[in-house]
Amino acid sequence: MYYNMNDIDVRSSNNFLRKVFLYMVLGIAISSGTGLYLYNYNENLLNTLTNYYPILLIAELAMVFSLSRMLNKMSANIARFLFLAYSLINGITVTTIGYIYVPSVILHAFLITLVIFIVMAIYGYTTQEDLSSYRRFFMVALISLIALSIFNVFMKVGMLEWVITIVGIVLFTGLIAYDVNRIKWLSYQLADGDNETIEKMGIIGALCLYLDFVNLFFYVLGRKK
């Protein structure tokens, strides 16, 4: 049986994308499962962990930094462990923040986020346009959003908080399409790569989509205050 090289490239690309999305879904499942367990079955542990929120947040940032900056120096197994551990810890921190909302509001926000994610992921994958040209725009918008958020922590301007929420929803909605599109083009470049590299890049791709999903969820949830 003979195979066209383009067919092989497409098959390799699809396998890589499948790996990225499977890791991303696994991360969301771990975070959601952790939250459901703490909220419904171990509220005492949740209250205890709330006291260690700053430590958990530092651990999260350390894991994201390690995965982003030291990926080439670590094995795929370590990268996979860090991603899964990050998903677990983030599930704890998200639950402590979401503790102030009633479950129905959280579920509604999650479903809205899921629908937006699916729609934008399909767009990012199917569009023939290379969305990498929007990279500078997204970087400037993200930095501006972070700066405004920090500013409003001290100023507590109600109208500005509303603007930040809307901008956050729009920004991370766009980033979902951008990152899926970027991962699609990356998958073509990795078609002939070694398994170790493909595995690690799949994990970092899943982390990007995971962060897009979680951040969008938070801004959608914030809109429901």
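A salt bridge is a side-chain nitrogen of Lys or Arg within 4 Å of a carboxyl oxygen of Asp or Glu. By this rule, the predicted model contains 3 salt bridges.

| Salt bridge | Closest N to O distance |
|---|---|
| Lys19 and Glu199 | 3.1 Å |

**A network around Glu199**

Lys19, Arg80 and Glu199 are linked in a network of salt bridges. The salt bridge of Lys19 with Glu199 has its closest N and O atoms 3.1 Å apart. This pair links distant parts of the chain, with Lys19 in helix 1 (residues 5-41) and Glu199 in helix 8 (residues 195-223), 180 residues apart. Glu199 is buried, at 12% relative accessible area, whereas Lys19 is partly exposed at 25% and Arg80 is partly exposed at 24%.

**A pair within helix 7**

Asp179 and Arg182 both lie in helix 7, 3 residues apart, which is about one turn of the helix. Asp179 is buried, with a relative accessibility of 6%, and Arg182 is partly exposed, at 33%.

**Helix 7 and helix 5**

The axes of helix 7 (residues 158-189) and helix 5 (residues 103-126) come within 7 Å and cross at roughly 40°. Helix 5 is therefore oblique to helix 7, and the crossing is right-handed. Residues making the contact include Phe117 and Met120 of helix 5 and Ile176 and Val180 of helix 7. By class, this contact has 9 nonpolar, 3 polar and 1 charged residues.

Key:
Residues are numbered from 1 along each chain as its sequence is written. This is a predicted model: local features need pLDDT of at least 70, side-chain atom pairs count only at pLDDT 80 or more; totals for chains, interfaces and linings use all residues. Side-chain values use heavy atoms; hydrogens and water are left out. Axes are lines fitted to C-alpha atoms, for helices over the stretch in contact, and angles run from 0 to 180 degrees between N-to-C directions. Helices (H or I, at least four residues) and strands (E, at least two) are DSSP runs, numbered from the N terminus. Angles under 35 degrees count as roughly parallel, over 145 as roughly antiparallel, 65 to 115 as roughly perpendicular and the rest as oblique. A crossing is left-handed if the near helix is turned anticlockwise from the far one by less than a right angle, and right-handed if clockwise. Contact means heavy atoms within 4.5 Å. Ala, Val, Leu, Ile, Met, Phe, Trp, Tyr, Cys and Pro count as nonpolar, Asp, Glu, Lys and Arg as charged, and the others, Gly among them, as polar. Buried means under 20% relative accessible area, exposed over 50%, partly exposed in between (1.4 Å probe, protein chains only).
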